[in-house]
Amino acid sequence: MQWTKKGERPPKKFKVQKSASKLMAKIFWDSECVLLIDYLPKGTTMNGQYYANLLAQAREAVVQKRRGKLSRGVLFLQDNASVYTARVSRQALKDTGFSEIDHPPYSPDLAPSDYFLFSNLKKGLRGRRFVDDNQMKMAVESHFD
């Protein structure tokens, strides 16, 4: 409800076009390119076991895209979200052979994903409308290609 003067018509309301539903993506990347993008299936919750499986996939992506990198060592950066600190996730990280480095206190200029990866993705997708999740996935993947 909005206040109007007597005899004045309320402003016209425009219909808002419904956007595609939210899509959660986990992106593993290094200084050269994106190694793995995983989209969480609808109705699935990100938990320790799901993340542990993702770490195994990330290791395979490193093997495929960065030959010899595992033998030289992989430094792995993640924050301290409960999914990452779960016992099964910690064990999976050890199994990959990655060396975890401490996450710095939050600061926009210190969070590489916020500062670099996602800000560029947002710029690339700004103003676009997607009919469904598949169209959005294609746009994200073509952005990173």
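Predicted model: local features only at pLDDT ≥ 70, side-chain atom pairs only at ≥ 80, totals over all residues.
Three elements, β1, α5 and α6, each contribute at least two residues to its lining, and the largest share, four residues, is that of α5. Sorted by class, the lining of the second largest pocket holds 10 nonpolar and two charged residues, with no polar ones.

F130 sits in the loop that runs between α5 (112-125) and α6 (133-144). Its relative accessible area is 15%, and because buried means under 20%, F130 counts as buried. Along the sequence F130 and S21 are 109 residues apart, yet their C-alpha atoms are 9.5 Å apart in space.

Attention now turns to the largest pocket, which has a volume of about 1,000 Å³. Its lining is made of 32 residues, and those closest to the centre are I27, F28, W29, L77 and S113. Two or more residues of this lining come from each of β1 (25-29), α1 (48-65), α2 (69-72), β3 (75-77) and α5. The largest share belongs to β1, with five residues. In terms of class, 19 of the lining residues of the largest pocket are nonpolar, five are polar and eight are charged.

The next topic is charge pairing. Side chains of opposite charge can pair when their charged atoms come close. In this model the count comes to four salt bridges. One of them joins the side chains of D30 and R66, with an N to O distance of 2.7 Å. Since D30 belongs to the loop between β1 and β2 (34-39) and R66 to the loop between α1 and α2, this pair ties together parts that are 36 residues apart in sequence. Buried or partly exposed: which describes D30, and which describes R66? D30 is partly exposed at 21% relative accessibility, whereas R66, at 15%, is buried. D30 and R66 also belong, together with E32, to a network of salt bridges.

A further salt bridge is formed by D133 and K42, whose closest N and O atoms are 3.0 Å apart. This pair links distant parts of the chain, as D133 is in helix α6 and K42 is in the loop between β2 and α1, 91 residues apart. D133 is buried, with 16% relative accessibility, while K42 is exposed, with a relative accessible area of 52%.

R90 and E100 also meet through their side chains in a salt bridge, at 2.5 Å from N to O. Here the partners are 10 residues apart, R90 being in helix α4 (residues 87-96) and E100 in strand β4 (residues 99-101). R90 has a relative accessibility of 33% and counts as partly exposed; E100 is partly exposed as well, with a relative accessible area of 33%.

Conventions:
Residues numbered from 1 in each chain as written. Heavy atoms only, no water. Buried < 20%, exposed > 50% of the residue type's maximum accessible area, 1.4 Å probe, protein only. 1 Å grid on protein atoms, 1.4 Å probe; cavity = no way out; pocket = protein on both sides within 12 Å on 5 of 7 lines; lining within 4 Å. Points joined across faces, edges and corners; volume = space filled by probe spheres on them. Nonpolar A, V, L, I, M, F, W, Y, C, P; charged D, E, K, R; others polar.
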